[in-house]
Amino acid sequence: MTKYLTLLKITWQNGLVYRLSLFTWRLRSFLSSLMSLTVWTVIFTSNNGAFGYSKESMITYIFLVAFLQSLIISSSLNGLAGRLYSGEISNYLLKPINLFGYFAIQEVADKFKNILFLILESYFLFLIFKPIIIFPDYKILLLFVVWSFGGLILNFIISLLFGSMGFWSPQAWGPKFIFFMMIEFTAGKLFPLDILPIYLQKIIYFTPFPYLSFVQIQLFLERLNSQEIIKHSIVLTLWILILGLLTHKIWTKGLKSYESVGI
Amino acid sequence: MNSTKNNKKITIKVSNLKKYFKVYKKEPGLLGSIKSLWKRSYETVKAVDDVSFEITEGEIVGFIGQNGAGKTTTLKMLSGLLYPTEGETSVLGFNPWDRKTEFQKQFALVMGQKNQLWWDLPAIESFHLNKAIYEIPDKVFDETLSKLSKILDVEDILRIQVRKLSLGQRMKCEIIAALLHNPKVLFLDEPTIGLDVVMQKTLRDFIKTYNKEFGATIILTSHYMGDVKELCERVIMIDKGHKIYDGNLADIINKYARNKILSLTLENSVLRKDLEQFGKVKSFKNNQATLIVPRKEATKIASKILNQFKVNDLNIEEVPIEVVIREIFGDKKIH
Amino acid sequence: MRLKTYFNVWKIFGLNSLQETLVNRGSNILFMIGKILRFSFSLIFLFLIKNNVNSFAGYTSDQMIVFFLTYQFIDLISQIFFRGTYIFSNEVRSGSFDAYLTKPISPLFRALTGKPDINDTIFMIPSLAVSFYIFSNLNISVTWISLVWYLILVANGLLIITAINILILSIGILTTETEGIIWIYRDLSSMGRFPIGMYMQPLKFILFFIIPIGMMITIPTEVLLGVKPSFSIFLTIVVGIGSFIASLKFWDWSLKKYSGVGS
């Protein structure tokens, strides 16, 4: 266990060396939250009650989604495919540590760094847009925390899945580009998914994207009935299980071909 | 300067060339980084310090020196990439720094570790790009290309993606790309680095041919003494930014070698100890031995040995040039 | 004739890029899908607003769409021509830029235009067609004079975007690290999808005068719509030409710095 703690410490320090990229990442996230909140404030200034939302509930919604998404989507594994392809990862295969343990540690260190900045940013946004945040009762809050943790794991698995492309090809950014494009629009930060036409909503619910923060915030705002809560709990678990198994299979296969190449 | 022929045109002239870099020293750690935000201590690195030389048309000159001695910095100043801190440079009558089109069309810089070919495309596409950049007429382009690819034997691979070529094949294409506009002056920075022995030989032969056929002036830096030995009559040795030698490669031995090598074959076996009184015994096996002896006393020692032992064969040889140069640079690796 | 040489060289840049795109067709198709997704989702979002909201920051919802289309057009043009900016810092690090400097052709020209984006060129056709179709169906009044001014100001906007690209290249020479800056710039420019006037200070000032996205997109659109522009046409053109000249000067300076003049 101590070696993982040391690893956590080193990863943390190493991350601070690359301050610029963390700063960039945070600034980008901040700007997109700012844009989204500004757009909705402007819309509701002259059109209160549009889309079945009041101004306050919309601003609160966007604020919360921006916060949670920032936490869930930030990942240390964005460059994983490149690291795999270049052979950098093979160093870790030689050491007596679990590779996924190592990735998880990196992820945790990364989240901690992000959270510090996230709190600061959110404080600014809070002062400017003044969302009204009412905490739900403790049962819902507890489930919200569990779902959010599920979202974190789901994103971790998806990142590993994209990363695994590095076993076979140096060009993993095509799929990643689509992934980010989808997140931008279907994870609910630019607008809540329930303002979309029903048929589009149905399509989007067939993807894992709403489970990367939209449903969590719906739960937090108590916009879900008990039936929906059960349904989303099951679907989120299924996504984690299915993608988890798939990722496990692909990595087992990938590592075999990786080592046999003899990088 | 015995190697400069007075009746020939001077192509490259460098006088009192200096290049100083200012680098800032950072204290280690995060605290050091923060400190460096407002307080930085600078240090001046004299990469090239007061170097002068002239090179006449058609010469091949080798630059030798350790890593970081200032060879590449000098080449970069001659190419117009770096601005000299002090001193004059003139190549083909131009100041390289002006980066005049007429100048750039007459020279080429090849860096062994750098790649100017489009990675995902066949080399021929990069050649066409250079054709457009250098405004080479169709006819000249076709002729030069077929000639160069014939000499280098790459006709079959010009239409294969560059990423799929071997290092040697890639280097050949790289050289062709650099020579399509028939440069009169050629700077080669480590052209044979990483290549196998056969490929090194091919490239050396090619450079020789190019020099003869086009009368091109060539400066070459190399890791491998083999390149320099085979190609360059004249070498310029640079150490810590200073020129420490300029002249015939062979003369380095006369100037710097302190020792000679005596190799003997003896009639009867002797004790190693008996030979050690004459000099350092380098190898000793059965009745064969090699000794390293001071240069000036080589003949004297040889005759002493002949008197003392029954000798079947005795040779006095020069120390290999690599060894001499290694000694000059203080036993460090030569680049 | 040097102009002809430059045109020939650029033609080969384009042809080579096209071939490269075809070689890596797999990931390029994915990129294409990503771009189409982004464009479609943006349009869906805009039409959702249009159908539910009457006015937006003092504009009709139809007028708001013109801002978006202008952004889309200017952004696409700069992506097509100036794709080289994205990979430039990498070329400085790898030493390819040294090779550019020895060639009898402007290194700035090569750095800027060396990699025209084929995906965006192909994408331009449907996106322009859709844009024109939407534009012709909007309920807005456009006069010939405002259209002419619009075209002039869009050209001025392209000048600004060129200047920004040159600025990024120069920073690339000085720091050999521009990925972060490019992304931040992309995010800032995407704020121009909406009229800049709606953002709060100091962001509004930054977007008009520091990174003049407003001068690039908002003011031409305002002039086209016959709305009183946020700043005068004269000032806009001064900013356009001024930033272009300043960026060239900055490029020269950083090139000298790179080559060690005065250091």
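Helices here are DSSP runs of H or I with at least four residues, strands are runs of E with at least two, and both are numbered from the N terminus.

Before I go on, a word on conventions. Residues are numbered from 1 along each chain as its sequence is written, while chains are lettered from A and ligands numbered from 1 in the order in which they are written. As the model is predicted, local features need pLDDT of at least 70 and side-chain atom pairs count only at pLDDT 80 or more, whereas totals for chains, interfaces and linings use all residues.

Two packed helices are described by the angle between their axes and the distance between the axes. For α8(A) and helix α2 (residues 25-52) of chain C, the angle is about 10° and the axes are 8 Å apart, the axes being lines fitted to C-alpha atoms over the stretch in contact, with angles running from 0 to 180 degrees between N-to-C directions. That makes α8(A) roughly parallel to α2(C), a term for angles under 35 degrees, with over 145 counting as roughly antiparallel, 65 to 115 as roughly perpendicular and the rest as oblique. From α8(A), the residues that make this contact include W173(A), F177(A), M181(A) and F185(A), and from α2(C) they include L30(C), F31(C), L37(C) and F41(C). The residues of this helix pair divide into 12 nonpolar, 3 polar and 1 charged.

Chain A as a whole comes to 11 helices and 0 strands, and buried residues make up 37% of its 263 residues. I call a residue buried if 20 or more other C-beta atoms lie within 10 Å of its own, exposed if 12 or fewer, and partly exposed in between, with C-beta atoms placed from the backbone. Of the contacts in chain A with a separation of 6 or more, 81% are accounted for by residues 24 or more positions apart. One local point is E222(A), in the loop between α10 (214-220) and α11 (226-261), where phi is near 55°, a positive value in a residue other than glycine; E222(A) is exposed, with 11 other C-beta atoms within 10 Å.

Now to chain C, and to helix α11 (residues 213-224). At 1.5 Å a residue, its 12 residues should span 16 Å, and the end C-alpha atoms are 17 Å apart, which agrees; the expected span is 1.5 Å times one less than the number of residues. How much of α11(C) is buried? The count is 12 of the 12 residues, so α11(C) is largely enclosed by the rest of the structure. Its cover includes α3 (61-81), α8 (144-175), α9 (179-190), α10 (203-210) and α12 (233-258) of chain C. Just after α11(C), G226(C) takes a positive phi of about 75°.

In helix α8 of chain C, A163(C) counts as buried, with 24 C-beta neighbours inside 10 Å. Leaving aside residues up to four places away in sequence, A163(C) touches S243(C), F244(C) and S247(C). Elsewhere in chain C, a cis peptide bond joins Q201(C) and P202(C), with omega about 0°, and P202(C) sits in the loop between α9 and α10.

Chain C also meets chain B: 22 residues of chain C are in contact with 25 residues of chain B. On the chain C side, α1(C) gives the most, with 8 residues, and the residues of that side divide into 8 nonpolar, 11 polar and 3 charged.

Finally, chain B has 12 helices and 13 strands, and it is divided into domain 1 (10-253) and domain 2 (258-318), bounds that come from an automatic or database domain assignment. The centres of the two domains, taken over C-alpha atoms, are separated by 44 Å.

Note on methods. Contact = placed C-beta atoms within 7 Å. Nonpolar A, V, L, I, M, F, W, Y, C, P; charged D, E, K, R; others polar.
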